[in-house]
Amino acid sequence: MSKKVTVVEGRGLFIGDRMICNGIPEIVQAYYRPGNSTPSNLLVRIRIGSLVDQCVDVAVGDLGYRALHRAIPLLQCASSRHRAMFDTYLFEKMQKFLESPKNCTSKAYYFAENGIVHLGDGATCVILGNRVLGYKGNRCIADPMCSWNVPFGTSDACIILAKILMEQPSAVLLTTAYTLLTTVRSAVIESGIDLQAVLYITGAQGLGKTTLARRVAGFVNNVDTDRPALLFDAGSTLAATRDAMASARDLPIVVDDLCLSASRAAQQRRKDLGAQLVREAANVTKIIKKAPSGQTMTLQNVAGVIMTAEFMLENASDVTRCIMAPIAQPLDLPNELTPELMAGVVQEFLQHFLRDPQSMLKRLHNFMQNNEHIAALQSCTEQRVRTNLTALSWAFREFVAIFATNIQFDNLARDLVRNFNRALADSVTQTDAALARVRSLTPEGNIAYVLLNAYLGDNFNLLKQGKKLTKLSKYDGIMLKGDLCLRKCALQQVVNQSPGYRGWGLNHIVAELVSYGALRIQEEGTYQVKLSSDAEVPRVYRIKVDTLEKFAERY
């Protein structure tokens with residue numbers, strides 16, 4: 001600066017006898033994002049007489065009067081020229097601070113995202129809402145994480161939960177395992193596992209789906225309200241849900257109440273919403289959001305997503321991205337199963353992970369390569385389902401390992417793993433049922449493909465050449481000069497029995513054939529033809545096989 005700024009204690013910054021600011025700034029600490037060699041944030045102490053002595057966290061790029069005045073309105077500069085002088089003075093103070101050897105001896109970290117974080121020295125820590133696990137050094141947590149409060153939970157939380165789970169149905173065990181898997185989700189994915197798991201809790205209204213999700217996954221509260229911070233109603237704003245999906249890294253969020261509706265249109269909208277959220281949660285579809293500036297941002301999901309629904313998904317690829325947690329009977333959850341208990345379990349689980357992350361992830365990869373011993377997966381051919389459930393089983397076994405070393409709980413650990421294997425089998429059964437239903441509703445091809453496939457597969461009981469046409473009423477039809485002649489009942493039956501065509505009426509089927517030009521028409525007013533003048537010979541639809549071959553399309 002051309003003119004020297006002097007500090008007058010108790011009064012502010014001066015140039016000569018002219019005050020340029022009523023506050024005295026001091027750089028207290030520089031914070032570095034893990035992996036960065038330059039600081040991202042600074043802690044600035046502001047003193048204003050005897051009125052204010054306050055520290056402000058500010059990004060390096062925002063360092064200046066405007067950001068500090070926004071945080072402390074009592075901080076004042078008389079003119080824009082004085083503000084510029086203040087900014088220059090502050091910038092010089094920052095440079096001197098960063099160049100000083102004593103300020104570089106120990107690095108302070110700035111944590112801007114929740115979840116597992118790799119530090120510069122090879123160590124690993126976990127940001128759990130407004131807390132840091134595994135790192136006791138100087139640090140600063142970004143404001144969004146500070147607004148999430150995770151209680152400290154109860155002592156011996158894992159043992160308490162294990163005893164509770166012994167008496168609970170499959171959905172409770174699966175939800176617990178998924179919640180724990182979510183807390184190390186980023187590490188699992190970074191290690192090379194293609195995890196696309198979404199927990200899909202299904203069941204009729206009133207069975208306890210929402211209560212289960214709240215009790216097990218609702219341990220993250222809002223600091224100001226002390227209410228669940230990551231629980232969203234499916235009927236509420238989708239923007240808030242997507243914001244959480246893109247920011248709640250390694251935390252479970254709940255999308256609740258994808259319910260059935262009396263209105264067919266409203267019900268279809270909810271089914272479409274469920275499918276869209278599954279794809280966004282699995283990062284198959286990107287999350288599109290508009291920034292305040294109007295620009296479009298493309299985000300991805302970083303959270304574990306739990307959905308509660310009264311209906312099944314209608315697309316096979318969506319089903320295979322889900323871990324199904326079916327509820328058939330009303331749940332009777334004990335009072336001891338609380339979000340506070342789960343907070344304690346999560347903390348113990350993460351501390352277990354932090355003791356040796358590499359060994360724990362190595363066990364996961366070994367589990368992935370040798371999962372034949374998981375009985376529930378032996379009949380499962382869907383690779384995504386196998387990956388998701390193997391990772392889920394690994395997380396649950398790591399939870400059990402926390403207390404299994406104590407011989408006192410040896411039987412509890414063994415019985416709990418057996419119960420969890422049954423829960424996995426229930427999940428696979430539900431997945432298979434959902435896939436079978438989807439495939440029964442999904443056409444393999446168009447009508448031309450269905451009929452051609454049935455003909456080539458000898459699915460029609462056709463009257464042999466040379467037999468009397470008067471016997472045609474006992475058969476599905478006959479081949480005549482390269483044409484497939486079918487009675488109307490046989491035509492409709494083979495189409496209705498094909499996936500995706502249940503309920504199609506004869507008029508609909510015939511209209512499709514007409515659109516291909518596949519029918520030979522004999523007289524106006526009817527699409528059926530007579531093969532004989534004999535009244536005992538039934539009319540048939542005479543279908544050109546070569547036209548079916550031309551228009552057949554497999555989906």
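**Salt bridges, surface patches and local geometry**

E280 is buried, at a relative accessible area of 1%. Buried means under 20% relative accessible area, exposed over 50%, and partly exposed in between (1.4 Å probe, protein chains only). The model is predicted: local features need pLDDT of at least 70, side-chain atom pairs count only at pLDDT 80 or more, and totals for chains, interfaces and linings use all residues. Residues are numbered from 1 along each chain as its sequence is written, and side-chain values use heavy atoms, with hydrogens and water left out.

E280 forms a salt bridge with R242. The closest N and O atoms of this pair are 2.7 Å apart. A salt bridge is a side-chain nitrogen of Lys or Arg within 4 Å of a carboxyl oxygen of Asp or Glu. R242 lies in helix α8 and E280 in helix α9 (residues 264–281), so the bridge ties together parts that are 38 residues apart in sequence. Helices (H or I, at least four residues) and strands (E, at least two) are DSSP runs, numbered from the N terminus. Across the whole structure, the search finds 15 salt bridges.

E398 belongs to helix α13 and R363 to helix α12 (residues 357–369), so parts 35 residues apart in sequence are tied together. The two partners differ in cover. E398 counts as buried because its relative accessibility is 5%, while R363 is partly exposed, with a relative accessible area of 37%. Salt bridges with shared partners also join E26, R45 and D53 into one network.

Helix α13 is mostly covered, with 16 of its 22 residues buried.

The bridge between E113 and R249 has its closest N and O atoms 3.7 Å apart. This pair links distant parts of the chain, 136 residues apart. E113 sits in the loop between β7 (108–111) and β8 (115–118). R249 sits in the loop between α8 (238–247) and β16 (252–258). E113 is partly exposed, at 40% relative accessible area. R249 counts as buried, at 10% relative accessibility.

Strand β7 also contains A108. A108 is buried, with a relative accessible area of 1%. A108 and D546 are 438 residues apart in sequence and 76 Å apart in space, C-alpha to C-alpha. V545 lies in helix α18 (residues 545–551) and counts as buried at 9% relative accessibility. From V545 to V188 the C-alpha separation is 53 Å, across 357 residues of sequence.

Two surface patches are described next. Patches are made of residues with over 30% relative accessible area and no salt bridge; like charges are joined within 9 Å, and nonpolar side chains (Val, Leu, Ile, Met, Phe, Trp, Tyr) within 5 Å. Accessible areas come from the Shrake-Rupley method with a 1.4 Å probe. K464, K467, K468, K471 and K474 form a positive patch. Within this patch, K468 is placed in the loop between β21 (462–463) and β22 (477–480). K468 counts as exposed, at 61% relative accessibility. A nonpolar patch of about 260 Å² is made by V514, I521 and Y527. V514 lies in helix α17 (residues 506–516) and is partly exposed, with a relative accessible area of 33%.

Positive phi values were also examined. Phi of D156 is near 55°, a positive value in a residue other than glycine. D156 is placed in the loop between β12 (148–149) and α4 (157–165). At 54% relative accessibility, D156 is classed as exposed. K481, another residue other than glycine, has a positive phi near 50°. The loop between β22 and β23 (483–486) holds K481. K481 is exposed, with a relative accessible area of 77%.

Terms used
Lys and Arg count as positive and Asp and Glu as negative; His and the chain ends are not counted. The place of a charge is taken as NZ of Lys, CZ of Arg, CG of Asp or CD of Glu.
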